[in-house]
Amino acid sequence: MSFVGNKKIAVLNALELKLRRCKGTGLQEFLAAIMTKIHGANFIPTGTDYSRGDLQCDGMLQNPITIFACYGPVNAGANATEAAMKTAVDKVSSDFKGALKEWPTLSEWVFVTNYIVMPAQIIQTITVLRAANPTKTLSLFGKERFEETILNMSVEAVDDLIGNAVTDEDFRSMQPAEVFQVVHDIMQQVQGNDAPDDEPTIIPEKKLLFNGLAPIYQKRIHNGFQNARRVADLLQNHANPLFDSEVAGAFKAKYLALKVQGFAPGDIMDELYEFALAGHKAKTVREVAIWSLLAHLFEKCTIFEGAPVEEVA
């Protein structure tokens, strides 16, 4: 195994974030990248354009014939409704039966999902299908199996696949030049007509908790807090005296737009991260810069709520 101690923790954290972002066809693409590195030409990825049908196959190992079916709910199924869970369960059954029809000689069928905690309903459905099809192997490929697979790959392969396994030590070595590069790339995306946000406030106690953010996001923001003051100083000491408020205004507008659309907290955080990533690869120095910037904005209450939202009676 290539990873131990803090580096192992960093890889597992990065993998969880990756899985939470692998919604829809993103999970299929992530699986294909992993399987191609492990199995080479024995793995055949399939396209994600389903206009002509996918024959119930999201990827295949040729020997023995193994068919993969992927299901990537938004934010790894967090806060899934009863209807969403029924959709997931129905997909397990329909995908297996469809694969069996299209690939009758298959040896194994694998249901791949990005759920952080595998729902009991899906486990139960797989169990029932196994009992009804004793000559076929049915298996689940969820978070635990992703972890096992990733941790047994080379450092180079893992960096290529998830690329943002930052450690606490990395956060202690934030590079100011990278912060400015991140901010520059962000401001290139906006029209410059967002209202400046120049009303700094002190972060309320338990803000990380009452905004409903999952522990993995809380940890990333907490990591960034150690650099939040440095980021604030860098932005406030810019030649443009309104620079900090203009950057904050861009993020506030983005946050409010996502909130109005009804995005869940974890989805909002992912969208803000992608906004800051600006299409670049998530290298360590950029990852540190982004989360340090987000921590600064979180601390001044530009993004996420500054007080618990009261229930309407």
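## Basis of the description

The model is predicted, and local features need pLDDT of at least 70, side-chain atom pairs count only at pLDDT 80 or more, and totals for chains, interfaces and linings use all residues. Residues are numbered from 1 along each chain as its sequence is written, and side-chain values use heavy atoms, with hydrogens and water left out.

Helices (H or I, at least four residues) and strands (E, at least two) are DSSP runs, numbered from the N terminus. A residue is buried under 20% relative accessible area, exposed over 50% and partly exposed in between (1.4 Å probe, protein chains only). Contact means heavy atoms within 4.5 Å.

## Nonpolar cores

A nonpolar core is a set of buried Ala, Val, Leu, Ile, Met, Phe, Trp, Tyr and Cys residues joined through side-chain atoms within 4.5 Å. The largest has 44 residues, of which Phe251, Leu293, Leu294, Ile303 and Phe304 touch the most other members. Two or more residues each come from helix 8 (176–187), helix 10 (215–236), helix 11 (243–260), helix 12 (265–277) and helix 13 (284–299). Helix 13 gives the most, with nine residues.

Leaving aside neighbours within four places in sequence, Leu293 is in contact with Val182, Val183, Ile186, Val231, Leu235 and Phe251. A second, separate core of 31 residues includes Ala32, Phe146, Leu151 and Ala165.

## Packing around helix 13

Axes are lines fitted to C-alpha atoms, for helices over the stretch in contact, and angles run from 0 to 180 degrees between N-to-C directions. Angles under 35 degrees count as roughly parallel, over 145 as roughly antiparallel, 65 to 115 as roughly perpendicular and the rest as oblique. Helix 11 and helix 13 pack at an angle of about 90°, with their axes 11 Å apart; they are therefore roughly perpendicular to each other. Here Asp244, Ala248 and Phe251 of helix 11 meet Leu293, Leu294, His296 and Leu297 of helix 13.

The axes of helix 10 and helix 13 come within 5 Å and cross at roughly 80°, which makes helix 10 roughly perpendicular to helix 13. Residues making this contact include Tyr217, Gly224 and Val231 of helix 10 and Trp291, Leu293 and Phe298 of helix 13.

## Aromatic rings

Rings of Phe, Tyr and Trp (its six-membered ring) pair if their centres lie within 6.5 Å; planes under 30 degrees apart count as stacked, over 60 as edge-to-face and the rest as tilted. By this rule there are twelve aromatic pairs. The ring centres of Phe96 and Trp109 are 5.3 Å apart and their planes stand at 70°, so this pair is edge-to-face. Because Phe96 lies in helix 3 (residues 82–102) and Trp109 in strand 4 (residues 108–113), the pair ties together parts that are 13 residues apart in sequence.

Ser139 is located in strand 5 (residues 137–141) and counts as buried at 10% relative accessibility. Beyond neighbours within four places in sequence, Ser139 is in contact with Glu108, Trp109, Val110, Phe111, Arg130 and Arg145.

In helix 5 (residues 143–151), the buried residues include Phe146, Ile150 and Leu151. Among the elements covering the buried residues of helix 5 are helix 1 (5–21), helix 2 (25–39) and strand 5.
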